[in-house]
Amino acid sequence: MLLLIIIWQTLQNPLLLLLIGSGSLFVYFALRRKRKLKNSKFYFFFGIILILFGLLNNPAVWIMLVFTILFIGLKGIEISGIDFSNYAFWRKKQMLMVQTQETKNHDGKKKKQQWLGNERIGNDVYEWDDININVLSGDTIIDLGNTILPKKDNVILVRKGIGRTRILIPTGIGVQLEHTTLMGAVSFEDYETKLRNETLKLYSKEYSEASRRLKVVTNTFVGDIEVFRV
């Protein structure tokens with residue numbers, strides 16, 4: 001396919017066609033009349049330079065070179081048997097274990113975002129507050145198993161580039177999930193599906209009657225979302 005694109009783009013560009021055609025003629029005469037021409041080597045290399053210059057001015061050639069290098073590199077990794085994915089930055093996990101205490105004043109409260117690396121929250125008791133997470137990459141686990149949510153609509157908002165998100169929610173809480181992703185899978189209670197540049201909205205069975213509700217909104221570039229009951 002790329003080869004056809006290269007030929008088509010070359011034919012559509014008179015300058016590239018002239019460079020490649022002239023270079024081919026120089027190479028042809030240098031090889032056919034090697035004995036008669038005194039500077040046959042010069043004509044040969046000059047023709048090669050013209051052909052290369054014409055090809056490298058074609059964007060499709062650069063795309064083909066990139067794919068070729070990637071293919072060779074991936075094949076080399078596969079043959080070597082080394083699994084570099086275990087060391088990838090998107091393998092790093094972030095775990096949030098939330099517990100609650102009495103309500104306090106939130107005015108002027110600041111929280112520093114962590115884009116990469118491991119983070120565990122749960123050694124201390126926290127007052128419940130809506131969760132807002134921004135992550136470049138990595139797995140995120142939000143554990144609400146020891147949490148008593150207020151009788152209102154609570155919110156968890158996760159924006160992420162690459163990685164899996166797992167949310168552990170106690171039984172008896174009505175859950176609304178709204179997930180948007182370019183590519184990823186969704187596991188929500190007994191429901192499973194895959195998304196491709198889509199948005200999905202789901203509700204738990206007891207959502208309408210539940211006094212405590214949780215709205216989970218996730219936006220990821222590539223990643224799965226899993227919602228479990230604990």
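**Figure 1. Arg229 and its salt bridge to Glu206.** Arg229 counts as partly exposed because its relative accessibility is 27%. The classes are set with a 1.4 Å probe and protein chains only: buried means under 20% relative accessible area, exposed means over 50%, and partly exposed lies in between. The side chain of Arg229 meets that of Glu206 in a salt bridge, 2.7 Å from N to O. Here a salt bridge is a side-chain nitrogen of Lys or Arg within 4 Å of a carboxyl oxygen of Asp or Glu. The pair links distant parts of the chain: Arg229 sits in strand S10 and Glu206 in the loop between S8 and S9, 23 residues apart. Glu206 is partly exposed too, at 26% relative accessibility. This is a predicted model, in which local features need pLDDT of at least 70 and side-chain atom pairs count only at pLDDT 80 or more, while totals for chains, interfaces and linings use all residues. Residues are numbered from 1 along each chain as its sequence is written, and side-chain values use heavy atoms, with hydrogens and water left out.

**Figure 2. The network around Glu226.** Arg164, Arg166 and Glu226 form a linked network of salt bridges. Within it, the Glu226 and Arg166 side chains meet at 3.0 Å, N to O. This pair also links distant parts of the chain, with Glu226 in strand S10 and Arg166 in strand S6, 60 residues apart. Glu226 counts as buried, because its relative accessibility is 15%. Arg166, at 31%, counts as partly exposed. The whole structure holds five salt bridges.

**Figure 3. Lys201 and Glu178 across two strands.** The side chains of Lys201 and Glu178 meet in a salt bridge of 4.0 Å, N to O. Lys201 belongs to strand S8 and Glu178 to strand S7, and 23 residues separate these distant parts of the chain. Lys201 is partly exposed, with a relative accessible area of 45%. Glu178 is partly exposed as well, at 22%.

**Figure 4. Ser187 and its contacts.** Ser187 lies in strand S7. Its relative accessible area is 13%, so Ser187 is buried. Leaving aside residues up to four places away in sequence, Ser187 touches Glu192, Ile225, Glu226 and Val227. A contact means heavy atoms within 4.5 Å.

**Figure 5. The largest nonpolar core.** This core has 22 residues, and Ile142, Ile156, Ile169, Leu177, Val186 and Leu214 touch the most other members. At least two core residues come from each of S3 (131-137), S5 (153-162), S6 (165-169), S7, S8, S9 (213-222) and S10 (225-229). S7 gives the most, with four residues. A nonpolar core is a set of buried Ala, Val, Leu, Ile, Met, Phe, Trp, Tyr and Cys residues joined through side-chain atoms within 4.5 Å.

**Figure 6. Two positive phi values.** Most residues other than glycine have a negative phi. Glu189 has a positive phi of about 55 degrees, although it is not a glycine. Glu189 is in the loop between strand S7 (174-188) and strand S8 (191-203). With a relative accessible area of 31%, Glu189 is partly exposed. Asn197 also has a positive phi, near 55 degrees. Asn197 lies in strand S8. Asn197 is exposed, because its relative accessible area is 60%.

Figure 7. Ile48, Leu52, Leu56, Trp62 and Leu65 make a nonpolar surface patch of about 440 Å². Patch residues have over 30% relative accessible area and no salt bridge; nonpolar side chains (Val, Leu, Ile, Met, Phe, Trp, Tyr) are joined within 5 Å, like charges within 9 Å. Accessible areas come from the Shrake-Rupley method with a 1.4 Å probe, and for residues only the protein chains shown count as cover. Helix H3 (40-56) and helix H4 (59-80) each supply at least two of the residues. H3 gives the most, with three. Leu52 is in H3. Leu52 counts as partly exposed, at 46% relative accessibility.

**Figure 8. The annotated span 43-74.** An unreviewed UniProt entry lists residues 6-31 and 43-74 as "transmembrane region". UniProt positions follow the numbering used here, feature names are shortened, and annotations may be inferred rather than shown by experiment. In the model, residues 43-74 are 94% helix and 0% strand, with end C-alpha atoms 39 Å apart. Helices (H or I, at least four residues) and strands (E, at least two) are DSSP runs, numbered from the N terminus. The protein has four helices and 10 strands.
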